[in-house]
Amino acid sequence: MKRILITGAAGFLGSHLCDRFISEGYHVIGMDNLITGDLQNIKHLDNKSNFEFHQHDITKFISIEGTLDYILHFASPASPIDYLKIPIQTLKVGSLGTHNLLGLARSKNATMLIASTSEVYGDPLVHPQNEDYFGNVSTIGPRGVYDEAKRFQESITMAYHTFHGLDIRIARIFNTYGPRMRLNDGRVIPAFIGQVLRGEDLTVFGNGSQTRSFCYVDDQVEGIYRLLLSDYTLPVNIGNPQEISILDFAKEILLLSGSNQNIVFKELPQNDPLQRCPDITRAKEILQWEPKIQRKEGMQMTFDYFKSFSKEALLKQEHKDFTKYIN
């Protein structure tokens, strides 16, 4: 049985990856310090014989007994509302945490896949974004802690490949959505759905002309799975090239929910990307992968997930205690 370590295992995307690799017959070792993850996301795996969970901060020394075939590095705050509160921890998990995992991968002779991000392109001047574009990123802007953590993560991972011969994969992940997203994590889909379900007006920043491209989580997991099992070591965009403006997306949410709330406009945050759309030519050619789930279908499944929340959960605003992680 192949053994795989998945960091960020209790997070949105990490938990879905645990499901996929367990279903494929792997022994999955999940790891998370629960700074933004939630054990509820993996509670259904408690009785699985091929799953084990370790609560651990990967910026500290990592010890795994036995063999290890693969490492998927998905540990990181991924929402602005989180990484603006814990900027140093965000930088540390992308730097120290990645360094620790690369050392572990080398000692175990394991293949390591890192979860990079479309944020490495910053506020792009090239559209759509392909993997050869170097980006337009502010190192000292509010989003810089996340952007630069991921850019450094790519650099040190490639250095381990070129210097030590480590087998690596680099997935540049674009906006992903689906069940297990946190309701109040600040990202546009849970924000809009939460506002609709609470009967609030929908908040659009700027004039709403900025674009995003949303990939349903099952498609994202399939792309990552194929990339891991390929032999390709350069970055690959994994995302959905179906682009939509935020204003049009807000209207879609209202139509989906059958509600008649208003749309209100607020000032655009600093360094918020004006365009975000992946060029997935490389993924198509190398992985024979492209998204299959249409946004209407994916959004319906996501909306149904959030509708199952209790009224108390919908009204509760998150007050995550980050104080013990700030250092």
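1. Across the whole structure, a search finds 13 aromatic pairs, where rings of Phe, Tyr and Trp (its six-membered ring) pair if their centres lie within 6.5 Å. The structure is a predicted model, in which local features need pLDDT of at least 70 and side-chain atom pairs count only at pLDDT 80 or more, while totals for chains, interfaces and linings use all residues. Residues are numbered from 1 along each chain as its sequence is written, and side-chain values use heavy atoms, with hydrogens and water left out.

2. One of these pairs joins Tyr121 and Tyr133, whose ring centres lie 6.1 Å apart with 20 degrees between the planes, so the pair is stacked (planes under 30 degrees apart count as stacked, over 60 as edge-to-face and the rest as tilted). Both Tyr121 and Tyr133 are in the loop between β5 (111–117) and α4 (144–164), and they stand 12 residues apart. Tyr121 is buried, as is Tyr133 (buried means under 20% relative accessible area, exposed over 50%, and partly exposed in between, with a 1.4 Å probe and protein chains only).

3. Phe306 and Phe309 form another aromatic pair, which is tilted, with 5.4 Å from centre to centre and 55 degrees between the planes. Phe306 counts as buried because its relative accessibility is 0%, whereas Phe309, at 22%, counts as partly exposed. Elsewhere, ring pairs link Tyr177, Phe192, Phe214, Tyr216 and Phe249 into a cluster.

4. Phe249 also belongs to helix α7 and takes part in its contact with α9, so a few words on helix packing follow. Two packed helices are described by the angle between their axes and the distance between the axes. Here the axes are lines fitted to C-alpha atoms, for helices over the stretch in contact, and angles run from 0 to 180 degrees between N-to-C directions; helices (H or I, at least four residues) and strands (E, at least two) are DSSP runs, numbered from the N terminus.

5. Helix α7 (residues 246–257) and helix α9 (residues 295–307) have axes that come within 11 Å and cross at roughly 60 degrees, and the two are therefore oblique to each other. Their crossing is right-handed. On the α7 side the contact is made by Phe249, Glu252, Ile253, Leu256 and Ser257, and on the α9 side by Arg295, Met299, Gln300 and Phe303 (contact means heavy atoms within 4.5 Å). By class, this contact of α7 with α9 has 5 nonpolar, 2 polar and 2 charged residues.

6. Helix α1 (residues 12–23) packs with helix α6 (residues 217–228) at an angle of about 65 degrees, their axes being 10 Å apart, and this crossing is right-handed. The residues in contact include Phe12, Leu13 and His16 of α1 and Val217, Gln220 and Val221 of α6. By class, the contact of α1 with α6 has 9 nonpolar, 2 polar and 2 charged residues.

7. Ile58, in the loop between β3 (51–55) and β4 (70–73), is buried, with a relative accessible area of 4%. Not counting residues up to four places away in sequence, Ile58 touches Thr7, Met31, His73, Ala75, Val93, Leu96, Gly97, Asn100 and Leu101. The C-alpha atoms of Ile58 and Lys92 are separated by 9.3 Å, although the two are 34 residues apart along the chain.

8. Ser116, in strand β5, is likewise buried, with a relative accessible area of 3%. Leaving out residues up to four places away in sequence, Ser116 touches Lys150, Gln153, Glu154, Ile170, Ala171, Arg172 and Ile173.

Terms used. Parallel < 35°, antiparallel > 145°, perpendicular 65-115°, else oblique. Left-handed = near helix turned anticlockwise from the far one by under 90°. Nonpolar A, V, L, I, M, F, W, Y, C, P; charged D, E, K, R; others polar.
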